[in-house]
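Subject: Structure handover and notes

Hello,

The structure is handed over below, together with its sequence. Notes on what was found follow it; please read them with the model open.

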Amino acid sequence: MILLDGKIASHSVKEELKSQVSEIIAQGKRAPHLAVIIVGNNGASETYVASKVKNCAEIGFGSTLVELEATVSEAELLKQIQLLNDNPEIDGLLVQLPLPKHINEQKVIEAIDPSKDVDGFHPVSAGKLVQGLPTFLPATPYGIMLMLEHYHIPTKGKHAVIIGRSNIVGRPMSILLSSNHPYGNCTVTICHSHTPNLKEICLQGDILVAALGRPEFVKPDMVKPGAVVIDVGITRVEDATAKKGFRIKGDVDFKEVSPLCSYITPVPGGVGLMTIAGLLKNTLQAYRNRTVE
């Protein structure tokens, strides 16, 4: 079993980005700039956002963090988005999800200028992805593809099984893995809560992507020996013995499943770090799209 270490793979991506940013600065140009809006005090969201800001600083990006109260109105949030859309110094813009229940997430996603949509959630980005046109890829699927590339994992002709059909991970992941490119060309099956014989289908997967948000859902009897297992799940599980009072669990029972695998991602330390790498690559692309070389 080989561990797909997100720390190692993301470091490689960030070093490449850091070098490209240094070249940009050396030419007398401004650095790429990412803006992040966070609403409320969701602990996990605050952690993700802090990591994004920290990573921007590490590779030389500028960053703007807009923090809004959980009680902010939808109209005020949309106003903040428009201000950042209109700012020519901002290349990439994202609103950290989830949002408070009184705010329509889809309306917020659609309010972001598609040319700054570095999360890859806007319908314009999604439509281009489906048609195979250049676009911003959703950061988590993009990060997974970067992980496969870093570890040179063969995918051509493999059967990839994805558990989860969200627009953020499952659906775009299926498109990328089935696309005609070096780390695609898979035959893909998407499973979900209404899939009968889920275990039998998972056992067919040469590549198994778990993205359903249920801690340790995937057990050894669901995994084909020698499979590549990608665990997208990140759930806080209460644990009185842990220093913080909780532990982070993935969707895969890592201890029991890992001996079966050829490759597996850990949680934490796997896909989450690659998601940020994908986001940073999208931001640099947004910058290049917006500036004259």
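**Cis prolines and positive phi**

P268 sits in the loop between strand 11 (263–264) and helix 10; helices (H or I, at least four residues) and strands (E, at least two) are DSSP runs, numbered from the N terminus. The model is a predicted one: local features need pLDDT of at least 70 and side-chain atom pairs count only at pLDDT 80 or more, whereas totals for chains, interfaces and linings use all residues. Residues are numbered from 1 along each chain as its sequence is written, and side-chain values use heavy atoms, with hydrogens and water left out.

The peptide bond from V267 to P268 is cis, with omega near -5°. Another cis bond runs from L97 to P98, with omega near 5°. P98 belongs to the loop between strand 4 (92–95) and helix 4 (105–111).

H152 is a residue other than glycine with a positive phi, near 55°. H152 lies in the loop between helix 6 and strand 5 (159–163). With a relative accessible area of 59%, H152 is exposed; buried means under 20% relative accessible area, exposed over 50%, and partly exposed in between (1.4 Å probe, protein chains only). N197, also not a glycine, has a positive phi of about 55°. N197 is placed in the loop between strand 6 (187–191) and helix 8 (198–202), and is exposed at a relative accessible area of 53%.

**Helix 6**

Helix 6 has twelve residues and reaches 16 Å from its first C-alpha to its last, close to the 16 Å expected at 1.5 Å a residue. That expected span is 1.5 Å times one less than the number of residues.

How far is helix 6 enclosed by the rest of the structure? Ten of its twelve residues are buried, so helix 6 is largely enclosed. The buried ones are A139, T140, P141, Y142, G143, I144, M145, L146, M147 and L148. Their cover includes helix 1, helix 7 (170–178), strand 8 (228–231) and helix 10 (271–290), where contact means heavy atoms within 4.5 Å.

T140 is one of the residues of helix 6 (residues 139–150). It counts as buried because its relative accessibility is 12%. Not counting residues up to four places away in sequence, T140 touches V169, V232, V271 and T275.

Two packed helices are described by the angle between their axes and the distance between the axes. Axes here are lines fitted to C-alpha atoms, for helices over the stretch in contact, and angles run from 0 to 180 degrees between N-to-C directions.

Helix 6 and helix 10 pack at about 105°, with their axes 7 Å apart. The two are therefore roughly perpendicular to each other; angles under 35 degrees count as roughly parallel, over 145 as roughly antiparallel, 65 to 115 as roughly perpendicular and the rest as oblique. From helix 6, A139, T140, Y142, G143, I144, L146 and M147 meet V271, M274, T275, A277, G278, L279, K281 and N282 of helix 10. By class, the residues of this contact are nine nonpolar, five polar and one charged. Ala, Val, Leu, Ile, Met, Phe, Trp, Tyr, Cys and Pro count as nonpolar, Asp, Glu, Lys and Arg as charged, and the others, Gly among them, as polar.

The axes of helix 1 (residues 6–26) and helix 6 come within 10 Å and cross at roughly 95°, so helix 1 and helix 6 are roughly perpendicular. In this contact G6, I8, A9, S12 and V13 of helix 1 meet L146, M147 and H150 of helix 6. The contact of helix 1 with helix 6 has five nonpolar, three polar and no charged residues.

**Cysteines**

How many disulfides does a search of the whole structure find? The search finds zero, a disulfide being a pair of cysteine sulfur atoms within 2.5 Å. For C202, which is in no disulfide, the nearest cysteine sulfur is that of C191, 5.1 Å away. C202 is buried, with a relative accessible area of 1%. C261 is buried too, at 5% relative accessibility. Its sulfur is 12 Å from the closest cysteine sulfur, in C202, which is too far for a bond.

**S63**

S63 is part of strand 3 (residues 62–68) and is partly exposed, at a relative accessible area of 32%. Leaving aside neighbours within four places in sequence, S63 is in contact with H33, L34, V53 and C56. S63 and K52 are eleven residues apart in sequence and 8.9 Å apart in space, C-alpha to C-alpha.

Regards
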